Amino acid sequence: MNGDGTVYARGLRKCYGDRVVLGSIDLDVECGEIVCIIGPSGSGKSTLLRCIDGLEEVDRGILRVNGEDLGFVETETAYRARNRKEVAMQRTRIGMVFQQFNLFPNMTARENVMAGPVLVKGVAKKAAASRADSLLADVGLSGHGDHYPWQLSGGQKQRVAIARALAMDPNVMLFDEPTSALDPERVGEVLAVMKGLAGRGMTMLVATHEMGFAKEVADTVMFMDGGVVVEQGPPTEVLGNPKEARTQKFLEKVL
């Protein structure tokens, strides 16, 4: 529960009006652990990741990321909301990769990767550009720094998005269906980069429909449905021998 690269949640609840999107989620993610979150559309996977990233506020429960209460700080008598600057600093240590890339269309790949370090952390542009080129090379895009998003394939855009998230030196990386918007032949490019990150010990939570990736890379597979965690455990158990009927029914459709 202490230290960097951990995620801890108890009784996490999120509603939109009368609709319960997350109902009492408990989560323990250790530093360096890979958690793949599977489940049907609308099961709450994306909302859970958005709460962990601080993009959504939880309605109830405890959420600690990197050993700190996210968005709040505990005093002797109560919880108080952190100010916007404190929350922004917390979020710099959490990387998020979205389904639809979310690149700035008027910026080159290099400028997209530079933006966070320069604007949020105050890194000098020359140093940020050098680091951006290094990160683009790490994701297999050496020589693509001057390309604009419209000049890149979907797989290349998603790899730029991963490099952009890594540029902030996060302790935790979140992936929200990172391959679902890609052509089938581009999926492998992105999964290969993610496998590389996993091999380097990055804490990762991945909402995915790629069962082969979950089976190969995940330490824990979590099956969500209706805003709750139905079943979780090692991939050999959850994917190979699921105990819950809802898990079995879902896997029959996707495997």
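**Domain, fold and one arginine**

Reply: In an unreviewed entry, UniProt lists residues 7-251 as "domain: ABC transporter". The model discussed here is predicted.

Me: How far apart are the end C-alpha atoms over residues 7-251?
Reply: Residues 7-251 are the range that UniProt lists for the domain. Over that range the chain is 36% helix and 27% strand. Its end C-alpha atoms are separated by 26 Å.

Me: What is the radius of gyration of the chain, and what does the globule rule give for 255 residues?
Reply: The chain has nine helices and twelve strands. It is as compact as a globular protein of that length, because its radius of gyration is close to what the globule rule gives for 255 residues. Both values are 18 Å.

Me: Which side chain of opposite charge is nearest to Arg164, and how far away is it?
Reply: Arg164 lies in helix α5, residues 154-166, and is buried. A salt bridge would need a side-chain nitrogen of Arg within 4 Å of a carboxyl oxygen, and Arg164 has no salt bridge. The nearest side chain of opposite charge is Asp53, at 10 Å.

Me: Which residue has its backbone oxygen 2.8 Å from a polar atom of the Arg164 side chain?
Reply: Leaving aside residues up to four places away in sequence, Arg164 touches Phe101, Asn102, Leu103, Phe104, Asn112 and Val113. The backbone oxygen lying 2.8 Å from a polar atom of the Arg164 side chain belongs to Asn102.

Conventions: Residues are numbered from 1 along each chain as its sequence is written. This is a predicted model: local features need pLDDT of at least 70, side-chain atom pairs count only at pLDDT 80 or more; totals for chains, interfaces and linings use all residues. Side-chain values use heavy atoms; hydrogens and water are left out. Helices (H or I, at least four residues) and strands (E, at least two) are DSSP runs, numbered from the N terminus. Buried means under 20% relative accessible area, exposed over 50%, partly exposed in between (1.4 Å probe, protein chains only). Lys and Arg count as positive and Asp and Glu as negative; His and the chain ends are not counted. A polar contact is a pair of N or O atoms within 3.5 Å; within protein, one must be able to donate a hydrogen and the other to accept it, and residues adjacent in sequence count only if both atoms are side-chain atoms. Contact means heavy atoms within 4.5 Å. UniProt positions are given in the numbering used here, feature names are shortened, and annotations may be inferred rather than shown by experiment. The radius of gyration is taken over C-alpha atoms; the globule rule is 2.2 Å times the number of residues to the power 0.38.
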